[in-house]
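The following paragraphs are intended as a guided reading. Please keep the sequence and the coordinates at hand.

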Amino acid sequence: MSLATRKRLRLGAVEVGMSLDAQQAERIRQSAPFRYVLRPALRALGRLTGRRRDRAPALPVLPPRRAVNLPRTPEAQALLDRVNAIEWYHTIELPHGITTPGFVDHRDQLHLYGLPDDMRGLRALDVATYDGFWAFEMERRGAEVTAIDIGSWAEFDIPLPLMAQARAAGAAEQITGNGFRLAHELLGSRVRREVLSVYHLAPERFGTFDVVFLSDLLLHLRDPQKALENICSVLRPGGFAIIADVYNPRLEHLEGNVTEFAGFGTYVWWLPSSATLKAMMREHRCRSCAKNASLSGMSRWRWRWRPSRLSACARRCPTNMSSGRRWTGSSAPRTVRTAGLPRLPRRTLPACGGR
Amino acid sequence: MTPEAQAVLERVTGLDWYHTIDLPHGVTTPGYVDHRAQVALYGLPDDMRGLRALDVATYDGFWAFEMERRGAEVTAIDLESLAQCDFPRRFRHHAVDYQTGAAFQVAHELLGSRVERKVMSVYDLSPATVGTFDVVFLSDLLLHLRDPALALENVCAVTAPAGFAIVAEPYNVDLDRFGGLPLSQFGFEQAVGWWQHSVATLKTMMWAAGFDNVEETARFRLNCRAAIPLIKVVLRGSCPIVAPGQ
């Protein structure tokens, strides 16, 4: 039960492993001698021995929200008004050279998600599809895609006490899927979109799938395990799920499956470490496949079970999330997803922590 | 041994007791956990006359009977069988069909209690089903739940505006040392619990559930037969936000 921090030091051919009580480790990490003398020295040594630091790849810096392209053709001009009337979450390339001004742009990072290049003949499910970027992408690769999403923002996991405010702000009338419907029409897509919460996902609803895709959803759920359990239940025996979610880098150095309870201050319930995400998925794997429970770490960005059953890719979130400061990078806060909902009151927490 | 005690003893033996309860004629149940010496740490009012109290997940009913003894009008809720507990898919075959109410019924009868026991999950708790209460008592439950935040939301929803809730839970001492970060450890060890929370998580969760005021009453080691020491914290949540529809 005890928490420990593990650290491996490698100098040339010599490797030293250390395990320390996590609290002590934190104290050392904060101490001045370590910060100003020891750590720079170790880094310099590491540089001398030519070792590349084994780190997560840096996040590609994305340009800020691109404006909708302004193509010259009359067809494009006619479409522009319709595209601009919608607040886009996904950046999607539409016909006539129009690109939606999405809040998040997955296009350059597609390869990090490990979708099969050829998905012909596969049944795929996109959970919480929003504007449908991933559904259309899987369709482009040949899959027969079903996409599910909540029907209105009132179905969002909002704490009971705040539900009244959300309803007063018209959350129930905020129907989702405007962007999806327009993109669907313009792309001539045959993706089937159904209104269904992941909490109610079951094989009886839309059958079972070869690929289930879930991205950036678990952090918004009060009960992420229920979602994972349901996803596992709609997987075919040879199928796999890709779970791409935000993790908490501040907890990465801890041994044990630790998660932060963010308390919904920024529409985020939980911020687990990547190990916790994996453990949560493991907990829900169908028992029939439990024999194959070997986990091989491929990179900080993606994990895959072999033989593949569920695979995960996690995305770093900036450390200061739960304190309500600004996010940076591509995994920015989902406050845009909740546009129109009330800003949550910033109440002060009761004095927390040890005595 | 008096014949009356003998009769009580016969009814007590053969049952699997979770709580240690003092029954009439000097009989004490052989419970897994003995709260008797630690009752004072939970901060229950001495005089609860005229108060409506709810005991969530009552099991053998120790706390329900204790609150009744102090004068409260007590409702107790519990699952019908341990098989209805939150088990992960991986451990669901561990679920045993143990009827939780048997020992409660025996103690209830022997004590001549008027506690009303309802079969209900904390997930279904709402003002519409049970009304609201001046005191809501929840002990050693959240660690067994997959969705503790929902349980606390429901607890808050059935707490009367002027009432309070007592949440007494084991916590992870190691997690508690990280400068008050609301951390929790995930892991279903030996099919007993989903989460080990830090005190900060429990407090934050109570706040998120709607208690504007959360105070810590006590920390202590639970007196029970668990293999590892269970360190508990008692939190008292008051000033519940009024939920929609009330």
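How far apart are the mean positions of the positive and negative charges of chain B? For the 20 positive and 30 negative charges of this chain, those mean positions are 3 Å apart. Here Lys and Arg count as positive and Asp and Glu as negative, while His and the chain ends are not counted. Each charge is placed at NZ of Lys, CZ of Arg, CG of Asp or CD of Glu.

This is a predicted model, in which local features need pLDDT of at least 70 and side-chain atom pairs count only at pLDDT 80 or more, whereas totals for chains, interfaces and linings use all residues. Residues are numbered from 1 along each chain as its sequence is written, chains are lettered from A and ligands numbered from 1 in the order in which they are written, and side-chain values use heavy atoms, with hydrogens and water left out.

Chain B as a whole may be considered next. Its secondary structure comes to six helices and nine strands; helices (H or I, at least four residues) and strands (E, at least two) are DSSP runs numbered from the N terminus. The radius of gyration of chain B is 18 Å, which agrees with the value near 18 Å for a compact globule of 246 residues. That radius is taken over C-alpha atoms, and the globule rule is 2.2 Å times the number of residues to the power 0.38. Along its principal axes, the C-alpha trace of chain B spans about 55 × 40 × 30 Å.

Of the 246 residues of chain B, 58% count as buried. Buried means under 20% relative accessible area, exposed over 50%, and partly exposed in between (1.4 Å probe, protein chains only). Chain B exposes about 9,800 Å², of which carbon and sulfur atoms supply 52%; the areas come from the Shrake-Rupley method with a 1.4 Å probe, and for residues only the protein chains shown count as cover. Among contacts (heavy atoms within 4.5 Å) in chain B between residues at least 6 apart in sequence, 61% join residues at least 24 apart.

After H3(B) comes Gly112(B), with a positive phi near 60°.

The cysteines form the next topic. A disulfide is a covalent bond between the sulfur atoms of two cysteines. With the criterion of a pair of cysteine sulfur atoms within 2.5 Å, the count over all chains is zero. The sulfur of Cys156(B) has its closest cysteine sulfur in Cys239(B), 10 Å away, which is too far for a bond. Cys156(B) is buried at 3% relative accessible area, whereas Cys239(B) is partly exposed at 42%.

Most residues other than glycine have a negative phi. Cys239(B), although not a glycine, has a positive phi of about 55°. In chain A, Ala128(A) has a positive phi near 55°. Ala128(A) sits in the loop between strand E3 (123-127) and helix H4 (133-140) of chain A, and is buried at 15% relative accessibility.

Two further positions complete the reading of chain A. Pro40(A) lies in helix H2 (residues 32-48) and is partly exposed, with a relative accessible area of 37%. Leu235(A) belongs to strand E7 (residues 235-247) and is buried at 7% relative accessibility.
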